Amino acid sequence: MNDDKNALNRRSFLKASLLSGGGMMLTVNFLSAFKSAGKVGADQPADQWTELTGYIQITPDNRIKLICPNPEFGQNVMTSLPMIVAEELDADWKNVTVEMGPHDNVKLGPQFSGGSNSVRMYWKPLREAGAAARQMLREAAAQAWNVPVGEVTTRAGMLAHSSGKTAPYGAMAAKAATRPIPKELTLKSPKDFTIVRQSKKNVEGQKLVTGKPLFGLDYRVEGMLIAMIHHPPAFGMKLKSFDSAEALKMPGIKDVFSLKLYEEGFEQAGFDTRTFNDLLVIVGKTTWEVMNARKKLVAHWEPAGETRNVLSGRNGKREVTVPGALESSETQRQQMLEYAKKPAKELRRDGDPETAFKSAAQVIERTYTAPFLAHNCMEPMNYFAHVTDEKAILVGPLQSPGWIEPTISKLLNLPPEKIEIHMTRMGGGFGRRAYNHYLSEAALISRKVKAPVKLIYTREDDMTYGIYRPMYTATYRAALDANKKLIAFHVKGGGIPEHPIHPNRFPAGAVDNYLSEGWQIASNVTIGAFRAPGSNFNAAAEQSFLDELAEAMGQDPIQFRLDLLKRAKENPVGQNNDYDPDRYAGVLELVRDKAGWGKSGSEKYSRGVAAYFCHNSYAAHIVDMVTREGQPYVERVFSAMDCGIVVNPDAATNMVQGAVVDGIGNAFYGALTHKDGAPQQTNFDNYRIIRHNEAPKKIEVHFVQNDKDPTGLGEPPFPPVFGAVANALYKNKGRRFYNQPFKPELDKVI
């Protein structure tokens, strides 16, 4: 996908597949509604197949090509999703090649990478697709050999009969393509898996380490222009006027103009978040020329005032008022403290918590805070667009192609069939690329200049023109009776501009008297999903509080949690507990045993434990901290996960290890603050992230072995890292830290 001349209308991909290539092609329609594409002409060279989409293809010389439906941002779906197809197809993995498909959610399903959904969402449809193809191959062989279908077996891409007849899949592919799709499918038992549950190398690994052009920033076509946006210096401001005379004199500059992303009254879909609506755009030949010319622009800004957005989505159409003040982090914190004292929305109530707190022998109360966080994808936002009156071709990194297509259709007044969206590999996502405003901006710019354009954000644009993790706070209270028994639990959380509380999660269901409440403060600072939304704060606060509570009760922190889970299993409180106590306890017990918790051999470490459930999976960590050169350092981490069947163990281990490193870094250092609406951190010289020498020497990952369908893995290991670090830090420093990031407060006591 590095040449625009090869870009075909996505409907023509199917048409092209029917006219060229050979062998068998299967379209994979989401939720198993796949169908045979019929016999493919056998008179064309197999190399033409590389342009096909939504299919399983087998060449006459027995090569198998599988299309990955979901965008890849490092979570390894380009390897793990095809492994699922190949398993049921009974293919020889050595003969499989993989390509990323373009956007086509009619044939490829939702194509959304996010929410730890990819493998969970595609597990059954892809298994069925592979099983159907295998059955059709067996039927073709049976017909050719004049034997019953039931006597034809498969193994590693070969068909066989007890008479001694054998044939590679490729020899039967064309005949198989004429067979009807089987109505009844028999899927493999997990005990028979030969590809799934085996570690496979990343299918793009060699390209990555040899620097092949895989990312959006690598994409280019002949005649392509570069665009950048000069955005307001602060949230709450908009463009008043500008003077482009000097910028237009600079070499290579083609145009400077202002542009409105959404016209008045535009009905925004759920992920049409905008950061700034009025854009000052500069377009030129090269990135360097545009960057230099942008410095010559003279722009005048003015307060945006209160604005109103028209939103649509699951809650229906509604208007939302966005305040116009220039916000600062210090005043935001004060606001949060004031709101925390006010009545909040009740989210869940079990028993009579007020009476229990009044009768308590001891009440423990702690408040936790966390700042805005920037996603900091290593590859800043970018997208290519070539928009004409007839069609729009869009190429770049994004997590949710299906969500942006209706927006692009409305913005450009083009029907969906005239919009092609292609995904490149993403240099990080973490939720940031689920919000596709940068794609919309690129499309509008291309239409305006009537040329192919790539919009590029610099690192500074990315950090100051962002969609951030919200700012949060939560106060936890626990009531103990005279015997130090837990009799009531209360969590009241809020944030800017949303609260983080998940009311039905642990320890809800394990305490007789339970109350959860939430509140929120409107803001013009744009926020969005950030690797386990809400959970990444909840886990830190809740798991820190449970640790402190266990200590006050004189209990071992792991056994305390296990006792609560036992109660939730044997005598649950309430009906809506959204976790499985057995699986929750399972990861705690596994990490306890693997780390040797409570046994000799770890005396040099300050140990902290945390466990959490989110995105359908369970995670637990034990962090081992030491003091190194006067600073706390996480030297070892033991992790346990229950995410059902692990498709690719090596990749899954890497995913958990990445989450651990990311969590440690954000717990200690991550923060984006504002002053008078302006982000105070603009690049990595003042936005601190974890450094190589601060990563643990050892991260040991263990998975609970079971045959449950895969659940999520991208997000679940991330949230409890914060809590485990906080609890280890307490052991290391002898005092608790309640405000993230920990480093500024830590510096005051070292």
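Buried area here is the accessible area, with a 1.4 Å probe, that two parts lose on being put together, summed over both. Keep that in mind for what follows, and keep in mind too that this is a predicted model.

**Domains and their interface**

The area buried between domain 1 and domain 2 comes to about 1300 Å², with carbon and sulfur atoms giving 60% of that. On the domain 1 side, F73, H103 and F112 are the ones to click on: they supply 45% of the area that domain 1 buries against domain 2, more than any other three residues.

Then there's the polar side of things. Between domain 1 and domain 2 the count is 2 salt bridges, and 5 residue pairs are in polar contact across the interface.

**A record for part of the chain**

An unreviewed UniProt entry places the feature "domain: Aldehyde oxidase/xanthine dehydrogenase a/b hammerhead" at residues 210-305. In the model, that stretch is 12% helix and 38% strand, and its end C-alpha atoms lie 50 Å apart.

**Salt bridges**

The structure as a whole holds 42 salt bridges. Here are two of them.

| Salt bridge | N to O distance |
|---|---|
| R425 and E204 | 2.6 Å |
| D547 and R736 | 3.5 Å |

Most residues other than glycine have a negative phi, and most peptide bonds are trans. With that as background, a few spots are worth a look. The peptide bond from F506 to P507 is cis, with omega near 10 degrees; P507 lies in the loop between β24 (486-496) and β25 (513-520). The bond from Q740 to P741 is cis too, with omega near -10 degrees.

Finally, N376 is a residue other than glycine with a positive phi, near 55 degrees. N376 belongs to the loop between β18 (362-370) and β19 (382-387).

Key. Residues are numbered from 1 along each chain as its sequence is written. This is a predicted model: local features need pLDDT of at least 70, side-chain atom pairs count only at pLDDT 80 or more; totals for chains, interfaces and linings use all residues. Side-chain values use heavy atoms; hydrogens and water are left out. A salt bridge is a side-chain nitrogen of Lys or Arg within 4 Å of a carboxyl oxygen of Asp or Glu. A polar contact is a pair of N or O atoms within 3.5 Å; within protein, one must be able to donate a hydrogen and the other to accept it, and residues adjacent in sequence count only if both atoms are side-chain atoms. UniProt positions are given in the numbering used here, feature names are shortened, and annotations may be inferred rather than shown by experiment. Helices (H or I, at least four residues) and strands (E, at least two) are DSSP runs, numbered from the N terminus.
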